[in-house]
Amino acid sequence: MGEGKGSTLVHLLVVVLSLVAFGFAVAAERRRSVGTIVTDDRNATYCVYNSDVATGYGVGGFLFLLTSESLLMGVTKCMCFGRPLAPGGNRAWSIIYFVSSWMTFLVAEACLIAGATKNAYHTKYRGMIYAQNFSCETLRKGVFIAGAVFVVATMILNVYYYMYFSKATDTQAVRKANRASSTVGMAGYA
């Protein structure tokens, strides 16, 4: 890791996995299930839904974002189990970005999995009484888009977290190296 930048491969993988998750979230929003009311030969009303592919897209976005976060936390050892970070601004910023990225990650994952779950839910028969008030339950517009926005926020915060984390760990290594090569002699007087 030269000059506190971190591994370019880790940066690239985090960005690519997050962008794939973003793409799945946008695709899920565009392909949400839509129900139409149909009356059968017994005069009972029921819903017929179009394709259920948005559920798969939502779960795919969930898994790609989870993979991105897991990769970064594995590399940085979740900031708790690896080398200690050097005191200073880089450590403070890495802690701020760490907490912020986890918050946005949890919101993004909640939006994606809740959207996928709600999209998979389909109402069936409701009977012939109160057919005027009958509606086919579908996922509210914008749930997957909210997830997509939080996926991008998580990606940006993760990149900054890794950058400052790398700087804080590199600074620690430099300080230890300087301390080991001290030029002060400790010989006794004879």
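Modeller: C111 counts as buried, because its relative accessibility of 18% falls under the 20% limit. C78, in this predicted model, is instead partly exposed, since its relative accessible area is 23%, which lies between the limits of 20% and 50%. The structure holds zero disulfides. C78 is accordingly in no disulfide, and the nearest cysteine sulfur, which belongs to C80, is 5.0 Å away, whereas a disulfide would need the two sulfur atoms to be within 2.5 Å.

Turning to the packing, the largest nonpolar core has 14 residues, and those with the most contacts inside this core are L72, M79 and Y161. At least two residues of this core come from each of helix 1 (8–30), helix 2 (53–75), helix 3 (89–120) and helix 4 (143–180), with helix 4 giving the most, namely six residues. Setting aside its neighbours within four places in sequence, L72 is in contact with V10, V14, N158, Y161 and Y162. Apart from this core lies another one, of twelve residues, which include A21, L65, A108 and V151.

N158 is buried, because its relative accessible area is 0%, and, with its neighbours within four places in sequence left aside, N158 is in contact with V14, E69, L72 and S101.

Terms used. Residues are numbered from 1 along each chain as its sequence is written. This is a predicted model: local features need pLDDT of at least 70, side-chain atom pairs count only at pLDDT 80 or more; totals for chains, interfaces and linings use all residues. Side-chain values use heavy atoms; hydrogens and water are left out. Buried means under 20% relative accessible area, exposed over 50%, partly exposed in between (1.4 Å probe, protein chains only). A nonpolar core is a set of buried Ala, Val, Leu, Ile, Met, Phe, Trp, Tyr and Cys residues joined through side-chain atoms within 4.5 Å. Helices (H or I, at least four residues) and strands (E, at least two) are DSSP runs, numbered from the N terminus. Contact means heavy atoms within 4.5 Å.
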